[in-house]
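Visitor: Could you walk me through this one while I have it on screen?
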Amino acid sequence: MTSDLDALEAQSIFILREAFNRIDKIAMLWSIGKDSNVMLWLARKAFFGHVPFPVIHVDTSYKIPEMIEFRERYAREWNLPLIIGGNKAALAEGMSPDRGRVTCCSALKTEPLKEVIREHGFTGIIAGIRRDEEGTRAKERVFSPRNAAAEWDFKDQPPEFWDQFKTDFAPGTHLRIHPLLHWGELDVWRYIERENIPMVDLYFAKNGRRYRSLGCAPCTGTVESNATTVAEIIEELRTTKTSERSGRAQDKESEDAFERLRQQGYM
Amino acid sequence: MNAVLRPLKIVIVGHVDHGKSTLVGRLLHETGSLPDGKVENLRAVCDKRGMPFEWAFVMDALQAERDQGITIDTSQIPFKTALRPYVIIDAPGHKEFLKNMVTGAASAEAAVLVIDALEGVQEQSRRHGYLLHLLGLRQLAVVVNKMDAVAFSQERFDAVSAEIRAYLGEIGVSPTHIIPIAARHGDNMVSRSERTPWYQGPTVVQALDAFQPAAEATALPLRFPVQDIYKFDHRRIVAGRIESGRLKVGDRLLFSPSGKTARVASIESWNAPAQSVAVAGQSVGVTLDEQIFIERGQIASLLEQPPMGSDLFRARLFWLGRTPLTEGRRYKLKLATAEHIVAVEKVERVIDVTDLATAESRSVERNAVAEVLLRAAGPVALDPFTDNPRTGRFVLVDQYDIVGGGVISMDGLPDSRCAPSVVGQDLTAVQHKVTPQSRAAANRHRGGVIWLTGLSGAGKSSISMEVERRLFHRGFQVFTLDGDNIRQGLNSDLGFGPEDRAENIRRIGEVANLFVQAGMVVITSFISPYRADRDRARAANPTSFHEVWVKAGVEECKRRDPKGLYAKAVAGTIPDFTGISAPYEEPLHPELVLDTEKLSLEETVDRLIRYIERDMQREPGVDLESRPDASI
Ligand SMILES: Nc1nc2c(ncn2[C@@H]2O[C@H](COP(=O)(O)OP(=O)(O)OP(=O)(O)O)[C@@H](O)[C@H]2O)c(=O)[nH]1
Ligand SMILES: [Mg+2]
């Protein structure tokens, strides 16, 4: 193996191939953010240019317009089998972050995701979370079971070692598969640079600010930055001491806000 | 692009509450690895709970963990020293969460064992030390924590050091360093503490920097387990990760245990430069020059260095299941990408990790370590763990859950290398013009193998020679193949190790089969201790094979000891002696059991002759040629 990125890539490909082989009905979440773009890229590496499962985008309607443009363009260019989920009922009756950020997140992201899973009968959902993002994600498994209500039993997770993943599970339950769990934010950008992976413009600084993490417009803030290229972002990340999700409001409502969200089936 | 070192993975282990998470939190803080605001945020969290500041909360992110002051699940966090990047894996110390400890520890390249200076070495200190060793981890530093609570006493430090050094010494581990620290206060973490003037060794950070990254598996023989076969386009791609060794275009691969072979025609990739060589750690896809049928689970190797193929193997395992592992039970085994159903043939010994005592038991409780014999329905491609860890370890699955992990040893078992099935593929059997039916008609009985098995001294030779004599006088075409006679001739090149025993039996099985084809009754009289070997002999001619267990216990055979062999074996002058220093696997479904402890020689001979006559002699007055199936 030549580099640390090669090692990260090889491990992710191994995970994606395990998921594809062991799980009947599988789909990948595509948030349009940097991690899921990298994950999609890794899928094309794993399957030699093909994406052999549906790609789900849960549209909250509060996404930043550039993200939707990006989604449309690359879904076409890369020939992605795209499923778009959304909670129309909740939106119709006025769901917004004003009702509480966690309430909104679970109504507009977790619920429609569960709906897509139910409707299509998916038994495996590939999600691009990373351990270094946040404390509960640091405790995640690569193959992480969710019960029939899509809940995460984080107090009793299965053992996982020697790259032997939990691939047996009861009917009605499903697995979350996390091929990027072992990556760091800096790794992601270095890989984007190496592979020349297209990214939404929002990550690059305009007028001294840029997005470091992409979510919904009302709940995701920009950070101060002059990084206008991938190389500059990498330079910036080598020295920064602010955390990646510092621009994310839903994590901060209370000490355990994010834990509760994730326990209920959020990514 | 800057070359970036791969992070070294370190796991922090030890008994509950000895300060593992505190050590990690403090280490991240001391090395400036925490994001801005993290300490303030945790201070607020602790204030709100009305408790003193707790460094462990950096890692213990779950509410339940903070409420109970205990780590439930393992977590991983990156950090850097001036030398290199690390991933620190914090493991829980409570016995209840051993599965999570294993989850964290199994991927580490080195470990830090934390021991509370006040409490000293406790049950999980030992268990974790033992499991690290079992998992194959060889680099371990010890920290004696909470030195502030023992007034930084050198005497106490020396006592704890001596205790853990003694335990680790017994399992063959010698710690790289033993460091006195107070994690909560930062003593000897990144700089030498003034409170331990008597200590001259490295700090925690220096001890970490002294660890070596795990060696690449590239130097080992090629092991390329098939993960999947893709046919997304015109290519048929065999996908998988190279676990060890290297492969290149043009190499002839042997797929085990199927024995099929084909050459690597290309190494495929997407958005990457074309490769002609691939090495350990890479997830690759290859195309083959021949469209052979292979499936997930086969392990590809080079022809010269295949894995072993065995349906019986020994393992040292740790059990995580809620219900005990028990003899006779079946589990799903996952080894690399292969899955097999295995039965627990025997629990050989259960190891008490606290004092390393071993006990006999037919079951293994949760969180215990044991040595077991496992049997699969067919050959499993594997390597002994010491030869190749990545294909020498497995997990067991019960229902939906992973319930244990084990490392393989083939000590005392036949080493049957997986061999290419191409050997002999150009041979075609020539048809005889004399049919088995004609032979049976002429002999007035059909041919068959009477396969006697049993311990040395059980009575096989006495029975076989007497039966041969009496059948001969009744007009049977009969011959006895006896152990010592065959070993002086046909098998004079073979010894008594497991492989040679297997080969000995294989040849006898083949020779016996020739006798059967010649229409004769052949009595074989060999210990033939391994079930797999006897099954192979049966497979050569399933309809004419009769397994006869000449049964007598070891104690009785020792007492009889007609050739004085048991005395020598017990004295140690004969190695690998069945029943003493090598196993005897009792037949599961023999056609006939002759219990020589209960029956006299006369009675056993009578029984066997009756059995043979009933099975093989023609019925009076029936013309064998005229029977349509001739299957009397
Ligand atoms: N006096 C003293 N207390 C310490 C020190 N290090 C840790 N502690 C305390 O020991 C208690 C347990 O520490 P943790 O870090 O949670 O222990 P742990 O080993 O991670 O525990 P588990 O993960 O639950 O097994 C906490 O209250 C710490 O503050 C130390 O150096 N001195
Ligand atoms: Mg802890």
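Visitor: In chain B, what share of the contacts with a separation of 6 or more is from residues 24 or more positions apart?
Guide: In this predicted model, residues 24 or more positions apart make up 73% of those contacts in chain B, a contact being two residues whose C-beta atoms, placed from the backbone, lie within 7 Å. As a predicted model, it has local features given at pLDDT of at least 70 and side-chain atom pairs at pLDDT 80 or more, whereas totals for chains, interfaces and linings use all residues. Residues are numbered from 1 along each chain as its sequence is written, with chains lettered from A and ligands numbered from 1 in the order in which they are written.

Visitor: And how many helices and strands has chain B?
Guide: Chain B has 15 helices and 29 strands, taken as DSSP runs numbered from the N terminus (helices H or I, at least four residues; strands E, at least two).

Visitor: How much of chain B is buried?
Guide: Of its 632 residues, 48% are buried, that is, with 20 or more other C-beta atoms within 10 Å of their own, C-beta atoms being placed from the backbone.

Visitor: Switching to chain A, what is its make-up in helices and strands?
Guide: Chain A has 8 helices and 8 strands, and 51% of its 267 residues are buried.

Visitor: Where do the two chains meet, and how many residues are in contact?
Guide: On chain A 45 residues are in contact with 50 residues of chain B. Helices H1 (4-22), H2 (34-46) and H6 (185-195) of chain A each give two or more residues to that side, and H1(A) provides the largest share, 8 residues.

Notes: A residue is buried if 20 or more other C-beta atoms lie within 10 Å of its own, exposed if 12 or fewer, and partly exposed in between; C-beta atoms are placed from the backbone.
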